[in-house]
Amino acid sequence: MTATLAVDGPVPVLRPRSDRLDYLDATRAFALVLGVVFHASLSFLPTFIGWAVQDVSTGASIGPFVTVIHAFRLEVFFLLAGFFGRRTFHRGGAGAFVGSRVRRIVVPFVLGWFLLRPALGAEWAIGFASMRGDADVGVGLAAAGDSLNALPVGLFTGTHLWFLYYLVLITALTLVGRIMFKVIAGGRVKPWARGIDRGVAWLARSRWGLPVLAGPTAGALWPMRGWGVDTPDGSMQPHLPVLLIYGGFFAFGWLLGRQPAAMAEVARLTLTRGVTAALGLVGVVGLSGFQADPGHPHFGAAHVAFVVSYAWLMWSLVFLLIGGFKVCFQRPRGWVRYVADSSYWMYLIHLPIVVGLQIAIAEVSVHWSLKLGFISVVTIGVALASYDLMVRSTCVGALLNGRRRERVLGPWLWTFVAPAVGPGRLG
């Protein structure tokens, strides 16, 4: 039996809940928290990519680090979104499922776009101005028009919330696909469904499952603008290859939700999967340099080898990550459940904090690794504090997590906040 966390006062208390898969919650939380580190890393790339600012301290190892992180963090998120989405659908029915998706995805997406995009736009302008040598913040803001014109034009440019838009699209396509499947299958729905279940179970347990899954993924990677997965933040028009990749992970997770035993097979840590991941990693790191040299006589062959390696690495790391968390977090832990609850909020609000810190310390002569650690730790700390004080026990917490929960850090934090606020400012 698994369990979930209920909070009674400042001390976490574990209460039984038979359908809680704590290790999957922990995996999903890790993927979202890793997004903070991913974005914090982008200012330290040795090649300027159009990010808000480029730090004076850069590292050659940041490029491979970013490439590898980008190969699995959102993929595992979409797979688990499909897995948990299917459970939610069958727990409450189609109407309740659609309502929950609107509350937990559409509303945060719309509100986040209106609230975060202006702040990020201003930060981008200040960052661009600082790189031009405009030390005065007022000058930077006055140059906002010119600075923002240097950014790619698009509705989602300047935000990281495009993934919610794609999650909405993929969820809608999944519901339409269910209807079409029933219409096409007619009276043979159950036999066809059993056949699909057997196929998914084989993919989860067979040593040939990863190559079979990686094949279509490599095909979808081929037409990308870059050699990895593009960031489709420039338009409401769906980026078809990106939609296919994330939709494929979502669909696989949805089908895994039909048979929990198959998810247990996905979570197995095997030598084959470890070797596959290692080979994919060597291929990705070794071949990524060819991307900057399209005139190389072996550019095409290198591209083919890269997308195959990248697809193998992608699926291998997703399986290994889930397996690793199953080993480490099979039993419920209060602090893990707390971080899992807070991770969605943390990811929604982290980018303005990250970019602000990147700009603030960009000219400081300190090694990039120390700066990266500082930005990541401060951002996560601020996000956790704001979650506990302003979200967890409020209607916002109910919107994001399904229900309100009692604060854990609040009483402790308030002992530090109250003296600074003063009795005259309370209430």
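**Briefing: a surface patch, a core and a salt-bridge network**

Ile 179 is found in helix 6. Helices here are DSSP runs (H or I, at least four residues), numbered from the N terminus. This is a predicted model, in which local features need pLDDT of at least 70 and side-chain atom pairs count only at pLDDT 80 or more, while totals for chains, interfaces and linings use all residues. Residues are numbered from 1 along each chain as its sequence is written, and side-chain values use heavy atoms, with hydrogens and water left out.

- Ile 179 is exposed, with a relative accessible area of 54%; buried means under 20%, exposed over 50%, and partly exposed in between (1.4 Å probe, protein chains only).
- Val 176, Ile 179, Met 180, Val 183, Ile 184 and Trp 192 form a nonpolar patch on the surface, with about 620 Å² of accessible area together.
- Such a patch takes residues with over 30% relative accessible area and no salt bridge, and joins nonpolar side chains (Val, Leu, Ile, Met, Phe, Trp, Tyr) within 5 Å.
- Areas come from the Shrake-Rupley method with a 1.4 Å probe.
- Helix 6 (residues 162-185) gives the most to this patch, five residues.
- Helix 6 also has buried residues, including Trp 162, Phe 163 and Ile 170.
- Helix 3 (73-132) and helix 13 (334-361) are among what covers the buried residues of helix 6.

**The nonpolar core**

- The largest nonpolar core has 117 residues, of which Leu 79, Phe 252, Met 263 and Ile 322 touch the most other members.
- The largest share of this core, 17 residues, comes from helix 3.
- A nonpolar core is a set of buried Ala, Val, Leu, Ile, Met, Phe, Trp, Tyr and Cys residues joined through side-chain atoms within 4.5 Å.
- Beyond its neighbours within four places in sequence, Phe 252 is in contact (heavy atoms within 4.5 Å) with Leu 79, Val 200, Leu 203, Leu 213, Val 266, Trp 315 and Phe 319.

**Salt bridges**

- The whole structure has nine salt bridges, each a side-chain nitrogen of Lys or Arg within 4 Å of a carboxyl oxygen of Asp or Glu.
- Arg 337 forms one with Asp 341, the closest N and O atoms being 2.5 Å apart.
- Both residues lie in helix 13, four residues apart, about one turn of the helix.
- Arg 337 counts as buried at 5% relative accessibility, and Asp 341 is buried at 4%.
- Asp 341 also meets Arg 405 in a salt bridge (3.5 Å, N to O).
- Shared partners join Asp 25, Arg 28, Arg 337, Asp 341, Arg 392 and Arg 405 into one network of salt bridges.

Methods: Patches are made of residues with over 30% relative accessible area and no salt bridge: like charges are joined within 9 Å, nonpolar side chains (Val, Leu, Ile, Met, Phe, Trp, Tyr) within 5 Å. Helices (H or I, at least four residues) and strands (E, at least two) are DSSP runs, numbered from the N terminus.
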